[in-house]
Amino acid sequence: MVLQDLGRRINAAVSDLTRSSNLDEKAFDAMVKEICNALVEADVNIKLVASLRTAIKRKVNFKELAPGVNKKRVIQKAVYDELVELVNPHDKAFTPKKGKPNVIMFVGLQGSGKTTSCTKLARWYQARGFKSCLVCADTFRAGAFDQLKQNATKAKIPYYGSLTQTDPVAVAREGVDKFKKERFEVIIVDTSGRHRQEADLFNEMVQIQEAVKPDDTIMVLDASIGQQAEAQSRAFKDSAGFGSIIITKTDGAAAGGGAISAVAATRTPIVFIGTGEHMLDLERFQPQAFISKLLGMGDMAGLVEH
Amino acid sequence: SLGVIGGLFRNVVGGKTLTKEDIAKSMKGMEDHLLKKNVAREAAVRLCESVERELIGMKTASFTSVETTINSAMESALSKILTPATSLDLLRQIQSVTSPSALSLQKPRPYVISIVGVNGVGKSTNLSKLCFFLLQNKYRVLVAAADTFRSGAVEQLKVHVRNLRELSKREGGEVDIYEKGYGKDAANIAQDAVKHATENGFDVVLIDTAGRRHNDARLMSSLEKFAKLANPDKIFMVGEALVGTDSVQQARHFNAAFGAGRSLDGFIISKCDTVGDMVGTLVSMVHATGIPVVFLGTGQHYSDLRTLNVKWAVRLLMS
Ligand SMILES: Nc1nc2c(ncn2[C@@H]2O[C@H](COP(=O)(O)OP(=O)(O)OP(=O)(O)O)[C@@H](O)[C@H]2O)c(=O)[nH]1
Ligand SMILES: Nc1nc2c(ncn2[C@@H]2O[C@H](COP(=O)(O)OP(=O)(O)OP(=O)(O)O)[C@@H](O)[C@H]2O)c(=O)[nH]1
Ligand SMILES: [Mg+2]
Ligand SMILES: [Mg+2]
């Protein structure tokens with residue numbers, strides 16, 4: 001699963017070093033290198049990895065370490081702090097409130113899992129007592145409305161969409177207005193996949209956003225995304241200002257470092273992860289647990305409060 | 001950019017015999033450069049090792065800097081890995097099956113292509129683009145909806161076939177869909193589709209399949225039966241240019257999924273328009289398997305399918 005192998009490797013590198021009797025600078029460099037390789041293989045952005053390497057080396061400052069200090073602890077803490085800094089969103093995610101309409105708009109790259117995750121999330125809130133519904137504002141992809149309709153029907157969630165209206169802005173507005181009138185509490189708007197290289201698609205996203213004025217915009221990211229994660233998520237952030245991230249396909253084998261890079265680039269929290277193709281395959285995401293998992297818990301957990 | 005590597009050697013010019021130490025820093029710079037292009041680390045390391053082996057002990061040509069020597073060695077390593085051993089002339093191969101020469105004693109039959117890959121990479125869309133290409137070449141194509149799992153998968157193909165039929169009025173060719181709704185076994189549907197195509201004089205069958213994780217043993221193992229029953233002439237795997245390191249295992253696991261004696265025939269690398277110059281997935285997938293890239297997906301429209309231009313790819317990777 002996502003991040004587990006990465007955590008294991010990082011932990012192994014740190015404990016190999018701290019356990020070795022001969023804790024010299026060469027061994028320390030080797031550890032930093034091994035951690036960086038693990039991050040690269042997990043698809044963490046290369047520039048982030050480079051700055052993490054510099055930061056750890058600067059913080060530990062091996063040459064200057066006084067003979068008396070607990071080197072092991074200094075190193076562990078530096079690694080931990082830098083990794084936490086890497087994934088710390090510095091921001092709290094939106095949570096819907098009962099008794100009022102909460103409009104949530106989904107955005108993301110093509111095929112990342114938006115439509116699937118929309119229904120999962122609607123069902124999630126429905127199961128927690130929110131009156132939930134779905135709006136299909138993807139008028140581009142072949143069969144997009146059928147896909148959403150079939151998912152919504154299976155989950156018994158009311159939906160809105162059109163087979164004839166080709167303007168996604170109009171459909172989105174109509175759907176949201178209708179459901180607001182009907183006093184729905186969670187109104188989820190699905191949109192087509194898009195990418196930063198096509199300005200028209202980004203403009204369209206902004207227009208949909210202006211039409212439905214979402215309380216939260218969620219960016220959906222595939223756990224297997226590589227080095228484009230940072231640039232794409234940054235561009236989505238600049239245009240759509242999303243406030244939460246959902247990582248999908250975490251049941252796959254990818255390590256999810258692209259997602260970490262997106263968090264780092266946009267300072268946005270991950271709120272849910274998709275763990276399969278079925279309706280119930282959605283888990284709430286806890287950043288703290290994420291970091292612990294990343295670090296495989298171990299004795300570093302004790303360093304959390306400082 | 002590669003400028004970093006050059007900086008290390010600005011003053012070294014021709015006539016120097018290279019040592020491992022001479023090039024160590026530059027090779028690290030080169031590795032980082034490839035990683036930035038989204039080449040999986042495993043592939044980047046191997047490429048750098050091969051370039052390093054080639055360079056050690058070599059004399060740089062006069063007035064040629066070490067930088068240029070390393071760059072051109074990497075350029076040729078990349079071209080070498082991306083250039084297929086034999087070029088795929090798909091139309092010719094189709095022709096030889098649909099209208100076999102009298103000498104071959106073969107009966108004419110439809111040419112079968114199936115498309116596989118992980119979830120959401122662009123299988124159905126690129127299948128439709130391939131269909132458009134075949135229509136432009138005046139073929140009669142049957143699209144088989146063997147993704148019987150994902151919501152809307154059948155309707156998605158129906159919409160594409162409707163659009164393509166409209167286009168075929170201008171482009172030529174003919175297209176129809178074979179579908180049996182949801183829930184049925186994909187291998188059986190594929191087999192039935194091929195039979196239907198044979199009986200009805202179709203030239204090509206394009207079989208869409210459901211996306212599957214390469215680490216899902218159950219879904220992966222069903223591909224073996226699929227290959228047996230559908231017996232495709234070509235199995236193309238769609239890999240996504242956006243994917244990072246996972247591309248290596250995706251390629252390996254799919255390549256191994258069809259049973260003894262059957263492997264993938266080519267990759268379609270989709271979403272190349274979404275990655276700028278970070279086209280490293282091309283390298284990673286070929287590195288992992290030795291299977292060639294046959295097409296690139298470069299957008300969401302029917303005409304956004306290209307054959308791989310190795311020079312173009314190498315230029316982006318070295319930029
Ligand atoms: N294994 C797995 N598959 C998933 C998950 N989430 C989505 N998928 C699959 O990923 C594929 C793409 O999902 P969609 O929901 O259609 O993606 P999308 O972002 O709406 O795609 P576009 O609208 O075309 O941009 C489908 O095959 C889904 O079943 C997940 O958490 N795990
Ligand atoms: N930008 C871009 N988008 C593409 C390309 N190829 C496919 N897509 C988009 O990617 C999304 C997913 O495409 P599909 O063809 O449904 O993918 P799939 O692999 O069949 O998905 P599943 O059947 O759910 O596993 C759609 O929004 C397509 O329009 C491409 O080359 N470039
Ligand atoms: Mg969708
Ligand atoms: Mg499909």
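A polar contact here is a pair of N or O atoms within 3.5 Å. Keep that cut-off in mind as you look around this predicted model, beginning with A:Gly111, where a polar backbone atom is 2.9 Å from an oxygen atom of ligand 1. Residues from chains A and B surround ligand 1, so this site is shared between chains. Ligand 2 also lies between chains A and B.

**Ligand 1 and its surroundings**

- Ligand 1 has 23 residues around it, and the closest are A:Lys114, A:Thr115, A:Thr116, A:Arg141 and A:Glu277.
- In chain A, helix 5 (residues 114-127) supplies the largest share of this shell, with four residues.
- Sorted by class, the shell around ligand 1 holds one nonpolar, 13 polar and nine charged residues.

- From the backbone of A:Ser112, an N or O atom lies 3.2 Å from an oxygen atom of ligand 1.

**Polar contacts of ligand 2**

- At B:Gly122, a polar backbone atom is 2.8 Å from an oxygen atom of ligand 2.
- B:Lys123 uses its side chain, which places a polar atom 2.7 Å from an oxygen atom of ligand 2.
- For B:Thr125, an N or O atom in the side chain is 2.5 Å from an oxygen atom of ligand 2.
- Taken alone, ligand 2 exposes 660 Å², of which the protein buries 96%.

**Cavities in the protein**

- Counting cavities of 30 Å³ or more gives five.
- The largest cavity has a volume of about 110 Å³.
- This largest cavity is lined by 13 residues, and those closest to its centre are A:Lys249, A:Gly252, B:Val118, B:Arg213 and B:Asp246.
- By class, three nonpolar, six polar and four charged residues line the largest cavity.

Key
Residues numbered from 1 in each chain as written. Chains lettered and ligands numbered in written order. Predicted model: local features only at pLDDT ≥ 70, side-chain atom pairs only at ≥ 80, totals over all residues. Heavy atoms only, no water. Near = heavy atom within 4 Å. Polar contact = N/O pair within 3.5 Å; in protein donor to acceptor, adjacent residues only side chain to side chain. Areas by Shrake-Rupley, 256 points an atom, 1.4 Å probe, with all protein chains shown as cover. 1 Å grid on protein atoms, 1.4 Å probe; cavity = no way out; pocket = protein on both sides within 12 Å on 5 of 7 lines; lining within 4 Å. Points joined across faces, edges and corners; volume = space filled by probe spheres on them. Nonpolar A, V, L, I, M, F, W, Y, C, P; charged D, E, K, R; others polar. Helix = DSSP H or I, 4+ residues; strand = E, 2+ residues; numbered from the N terminus.
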